[in-house]
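Please look at the model shown below and keep it in view while you read. The paragraphs that follow go through its parts one after another.

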Amino acid sequence: MKLKYKKATIEDINLLTRSRIEVLKAANKLADDADMAEVETQAQDYYKKALSDGTHTAYLVFDDERFIGTGGISYYRVMPTYHNPSGNKAYIMNMYTNPDYRRMGIART
């Protein structure tokens, strides 16, 4: 394997959106032909805004030129507390590894 990790940019929206659809289909056990058109539209809108304003970070993983995985972090703010006076929080999401590459420690790196 020749792994390459890349921080996603606006130019990666199509790849991010495709992988998001794959994650949702797998997590929800949806058929390959499930209608995801609205989710796709909303995911692209989300990525455009969130990657631009810094409220989301995503990484892409490639084996040479083959896309094999992704992971993301969404940042948000809640009401401040004693233990978190800024109210800043993050949510790890959209973790996906191509089935051919699972159980190899790729998401751990």
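**A walk through the model**

Being four residues apart in helix α2, Lys49 and Asp53 are separated by about one helical turn, where helices (H or I, at least four residues) and strands (E, at least two) are DSSP runs, numbered from the N terminus. The side chains of Lys49 and Asp53 meet in a salt bridge, with 2.9 Å from N to O; the term stands for a side-chain nitrogen of Lys or Arg within 4 Å of a carboxyl oxygen of Asp or Glu. Lys49 counts as exposed at 58% relative accessibility, while Asp53 is partly exposed at 39%; here buried means under 20% relative accessible area, exposed over 50%, and partly exposed in between, with a 1.4 Å probe and protein chains only.

Before going further, note that this is a predicted model, in which local features need pLDDT of at least 70 and side-chain atom pairs count only at pLDDT 80 or more, whereas totals for chains, interfaces and linings use all residues. Residues are numbered from 1 along each chain as its sequence is written, and side-chain values use heavy atoms, with hydrogens and water left out.

We can now turn to the interior. In soluble globular proteins, nonpolar side chains tend to be buried together. A nonpolar core is a set of buried Ala, Val, Leu, Ile, Met, Phe, Trp, Tyr and Cys residues joined through side-chain atoms within 4.5 Å. In this model the largest such core has 10 residues, namely Ala8, Ile13, Leu15, Leu16, Tyr47, Leu51, Ala58, Leu60, Phe62 and Phe67. Two or more residues of this core come from each of the elements α1 (13-27), α2 (37-53) and β2 (56-63).

A pair of aromatic rings is described by the distance of the centres and the angle of the planes. Rings of Phe, Tyr and Trp (its six-membered ring) pair if their centres lie within 6.5 Å, and planes under 30 degrees apart count as stacked, over 60 as edge-to-face and the rest as tilted. A search of the whole structure finds two aromatic pairs. Tyr46 and Tyr47 form an edge-to-face pair, with 5.7 Å from centre to centre and 70° between the planes; Tyr46 is partly exposed, at 33% relative accessibility, whereas Tyr47 is buried, at 3%. The rings of Phe62 and Phe67 have their centres 5.9 Å apart and their planes at 65°, so this pair is edge-to-face, and both Phe62 and Phe67 are buried.

Strand β4 contains Thr97, which is buried, with a relative accessible area of 16%. Apart from neighbours within four places in sequence, Thr97 is in contact with Ile68, Gly69 and Arg102.

The last stop is the backbone of two loops. Most residues other than glycine have a negative phi, and most peptide bonds are trans. Lys29, in the loop between α1 and α2, has a positive phi of about 50° although it is not a glycine, and Lys29 counts as exposed at 76% relative accessibility. Asp64, in the loop between β2 and β3, likewise has a positive phi, near 60°, and Asp64 is partly exposed, at 43% relative accessibility.

Terms used. Contact means heavy atoms within 4.5 Å.
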